[in-house]
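Here's a quick tour for anyone meeting this structure for the first time. Take a look at the picture, then read on.

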Amino acid sequence: MPKFAYYPGCSPKSSTTESDRSMRAVAKELGMELIELEAVACCGSRELRISNPRLSLVLNARTLALAEKENLDILTICNTCQLNLQEDNLKLINDKDLRREVNEILSRNDLNYRGTAKVFHFVWVLNHYWSLEALRKKVKVGLKGLRVAPFYGCHLLRPYKVLKIDNPFHPVSMRKTIEALGGECIDFKASFKCCGFHALMTNEKLAARMSGIFIKDAMSQGAECMVTPCPLCHVALDAYQEQAEKEIGEKLDMPIFHLQQLIGLALGFKEKELGLSTHAVSADKITTKIMGQGSLTNQPLEV
Amino acid sequence: MEKVIAKIFRFDPSIDEKPRYETYEVPYEKDMRILDVLIAVGDDLGKGIAHRWYCGVKRCGACSATVNGKPVAVCWEPAEENMIIEPLPNFPIIRDLVVDRQGYDKVVSSFRKFLVRREKPRKFPEDIRHEEMIHVYNLVQCTECLLCTSVCPDVDIDYKEFAGPMALVQLAKHALDPRDTLDRIEEIVSMGVHNCVSCYACVDICPSEINPLERAIYPLRRKLLKARKGLEAKHLTSFEKMVKEEGMITPAKLFLKDKGVAALLKLPFALKMGLKGKIPTKLGADVPEIQKIRDLIKYMEEKDA
């Protein structure tokens with residue numbers, strides 16, 4: 001059974017608890033053991049990386065050291081956490097002097113980082129570490145006929161030099177995952193653009209306009225719902241959708257799923273177990289459609 | 001590969017009602033670049049496609065175009081068998097592949113593109129430490145090819161809210177130079193640096209590998225934070241403070257700290273989110289062994305002092 005040091009990050013622990021809840025449910029079903037890293041700090045998001053990059057590095061080194069102590073690799077469900085942890089991990093692995101310097105600070109907590117932990121995003125785990133074939137076999141309620149638009153989010157793809165998870169100009173990992181669940185993947189131009197989250201606190205209008213334009217793009221290509229592997233994108237696309245509608249002057253009403261929620265639906269979980277009721281935009285029309293296909297249960301998918 | 005099939009965007013706003021695509025075939029030659037294909041279509045097939053180029057060696061920044069969906073410097077990329085060649089996104093079109101740079105030029109001409117020194121250097125060559133010049137050294141490699149601005153999701157056609165990565169690289173080249181003594185805070189604020197969404201699109205696309213985000217935009221934002229100017233200084237400060245005190249961020253609490261009384265305006269939104277269970281009942285993180293994190297931070301601060 002694959003075992004990971006689970007690092008949900010600030011957002012899933014507070015404002016998008018449903019992404020954490022659904023991740024735990026899905027992991028159990030998929031046979032992944034998650035040991036949560038509880039006594040850890042924030043990855044630094046963008047803010048700490050601007051205001052105090054050194055502190056951000058030390059805190060991430062601490063997180064990596066705690067995972068290494070347990071002899072585990074880290075699993076993230078947030079793009080920004082993935083980027084920050086992975087980037088700092090690479091710095092620490094490639095620069096012995098820096099590692100020594102950081103370890104001197106970590107020794108205050110009786111910790112030492114040797115540079116052996118790896119950081120994986122859930123999407124990466126599905127596509128490479130575990131397998132989509134294994135996921136496909138677990139699907140109980142296929143998403144056949146459901147037109148899903150994937151929204152990758154920036155920090156899963158860029159900077160490519162650091163992440164190397166997927167091609168930033170022609171990403172495929174989400175497409176493959178959606179298709180493994182039996183859904184129809186909708187291509188749209190804004191699929192790998194930015195949701196605007198990191199400008200939300202300082203310029204809500206700008207961020208809402210960006211997400212509004214992108215949701216509209218997905219709609220125009222015939223998407224019934226969108227799915228994202230990042231809780232921050234979820235906040236920008238779902239919680240702020242009403243503002244986005246105001247900004248672009250159009251009704252959107254687009255249900256947005258966390259990736260693990262969409263997988264959960266295909267694995268047969270109930271809405272409550274996946275926390276769908278916490279979304280600002282109701283996902284009822286999608287769940288009704290999927291549940292209506294209950295007859296597909298346990299039948300092989302035509303993928 | 002025997003031939004190259006290029007589907008090229010054609011549009012002359014002065015006579016055409018709407019853009020069209022025309023497909024051309026040219027024989028493939030060894031080591032052919034995309035630029036060579038465009039030249040062959042113009043010279044050998046006699047098709048008057050409008051496109052810019054001067055140096056042909058990735059130094060002048062003139063030849064940028066979108067090829068198969070990705071903006072590139074066409075002089076530096078190999079030709080492929082099938083290509084769709086279009087102008088750069090995010091810019092008005094003058095004709096075919098030629099885009100209007102005027103908006104960008106206007107932004108760049110709005111700030112002082114020279115260094116001002118108070119005193120003469122003590123000796124020549126001057127002693128400047130590598131770490132002082134590390135950003136600038138990198139930024140002078142910019143060829144102003146427009147690629148970063150073409151992929152920036154933030155840039156409007158009028159550059160009002162955000163000047164875009166390329167203009168900020170030009171500004172940073174001067175503002176971060178240790179020899180410069182001008183107060184450039186107002187210039188930085190007017191470029192809307194806080195509106196950057198940190199999407200790294202400019203980083204991945206840059207043919208000169210400049211990293212506009214971490215070499216130009218973040219250092220400029222640090223300059224504003226240090227001067228306590230701009231819209232995000234308060235936000236950045238409360239974020240750091242919250243990490244230092246609580247370890248983790250509680251977005252709702254951060255929002256309250258950021259907005260202060262103005263948060264009342266967002267009461268309906270807060271209520272809606274509260275009803276949906278998006279706002280935790282306890283406003284604050286509950287990180288076990290938080291004292292250890294605090295000790296670590298305290299130790300770092302004492303060391304720095």
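How many residues of chain B are in contact with chain A, and with how many residues of chain A? Keep in mind that this is a predicted model. In it, 47 residues of chain B are in contact with 40 residues of chain A.

On the chain B side, the elements that give two or more residues to the part touching chain A run from helix 7 (201–205) and helix 8 (212–226), through helix 9 (233–246) and helix 10 (251–259), to helix 11 (267–275) and helix 12 (290–304). Helix 12 of chain B gives the most, putting in 7 residues. By residue type, the chain B side that touches chain A comes to 25 nonpolar, 14 charged and 8 polar.

Now for chain A by itself. Its domain assignment gives domain 1 (3–122) and domain 2 (132–296). Taken over C-alpha atoms, the centres of these two domains of chain A are separated by 24 Å. The two domains meet, too: 26 residues of domain 1 of chain A are in contact with 28 residues of domain 2 of chain A.

Which elements of domain 1 of chain A give two or more residues to the side that touches domain 2 of chain A? They are helix 1 (10–14), helix 2 (17–30) and helix 5 (79–94) of chain A. Helix 2 of chain A gives the most here, with 10 residues.

Here is how the two sides divide by residue type.

Note on methods: Residues numbered from 1 in each chain as written. Chains lettered and ligands numbered in written order. Predicted model: local features only at pLDDT ≥ 70, side-chain atom pairs only at ≥ 80, totals over all residues. Contact = placed C-beta atoms within 7 Å. Helix = DSSP H or I, 4+ residues; strand = E, 2+ residues; numbered from the N terminus. Nonpolar A, V, L, I, M, F, W, Y, C, P; charged D, E, K, R; others polar. Domains from an automatic or database assignment.
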